[in-house]
Amino acid sequence: MIRSVRNPLIQAVRRLHRSSGRLDQGRLLLEGTHLLQEALGLGLRPELVLATPDWLSRHGALSQQLPDSSRLRTASPEVLAAAATTRHPDGVLLTLAVADLPTPAAGASPPDFVLALDRLQDPGNLGTLLRTALAAGVERVWLAEGADPLQPKVLRASSGAALALPIERMTAPELLSRLAGAQACGVQLVAAMVPEVAGEVRPYWELDWCRPTVLLLGNEGAGLAPELARLADRWVTIPHSPAVESLNVAAAAALLLLERPRQAHGRPGP
Ligand SMILES: C[S@@+](CC[C@H](N)C(=O)[O-])C[C@H]1O[C@@H](n2cnc3c(N)ncnc32)[C@H](O)[C@@H]1O
């Protein structure tokens, strides 16, 4: 049992709290029983599982499901708490190789449903958005800069959806060219705009969401970058009272993303 926070394994896990550590090691840190279950359910192979003796005695069946390649170590509650980012860890954490996560198939046909996010800052918003995206049938997520999707807060808020979705992080110019490429393949680019924006902005329910679509959402403070908004083919809004300037980006995304399965419901298949 590991009883010292100076243990090199614990030091290496602690470095995964930071983006630079995740990049150096090519690993990410997941915390809690739920994320362990999600990871195993997705067929991902934890490299290291660190658990307290108490957690192990309560979750014998789950620990039996670990692949042979996983290294299971016990740690005292104090050491586990030091290795975790949460205040009250539930007794288990694990590491995964980033290379194990889903990636879009090389040479894949044009995407049917993509969520593109412009410099999303808040990890809670990003995690919530990813969870809704998975629920709505989004196939790929394109992130222009912003919060690191592999940070523990995003992983927790996404309830594991960040592990299931192919997520690509890129620079703003890279997103622009990715969008132009999708557009050239006949995919409609739909920009979500706050209500008071002038121009050809339509209520979101008027759009045909069943066409191949990229939905673009903007940064919490600045909104969508003008060059991204200009590139769009369609501009949609969720009308609401002028008492507020805009909705929270994750709240807006829930309505917009789930409009597609709503419209598809009852339509004959392809
Ligand atoms: C908090 S808002 C940004 C507000 C910012 N001051 C602006 O002018 O765009 C973040 C993003 O959420 C989306 N959003 C927020 N409210 C919306 C609404 N009512 N309809 C459609 N999208 C909305 C937009 O994509 C927006 O860029």
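Author: Let's take strand β6, which pairs in the parallel sense with strand β7 (residues 167-170) over four bridges. Strands here are DSSP runs of E with at least two residues, and helices are runs of H or I with at least four, each numbered from the N terminus; two strands pair if DSSP finds at least two bridges between them. The model is a predicted one, where local features need pLDDT of at least 70, side-chain atom pairs count only at pLDDT 80 or more, and totals for chains, interfaces and linings use all residues. Residues are numbered from 1 along each chain as its sequence is written.

To get from β5 to β6, the chain passes through helix α7 (residues 123-136), making a right-handed β-α-β crossover (with the strands pointing away from the viewer, the path from the first strand over the helix to the second runs clockwise).

Now for the side chains of β6. The strand spans residues 140-144 and is mostly covered, with five of its five residues buried (20 or more other C-beta atoms within 10 Å of a residue's own, C-beta atoms being placed from the backbone; 12 or fewer would be exposed, and in between partly exposed). R140, W142 and A144 point one way from β6, while V141 and L143 point the other way. Burial holds on both sides, for R140 as well as for V141.
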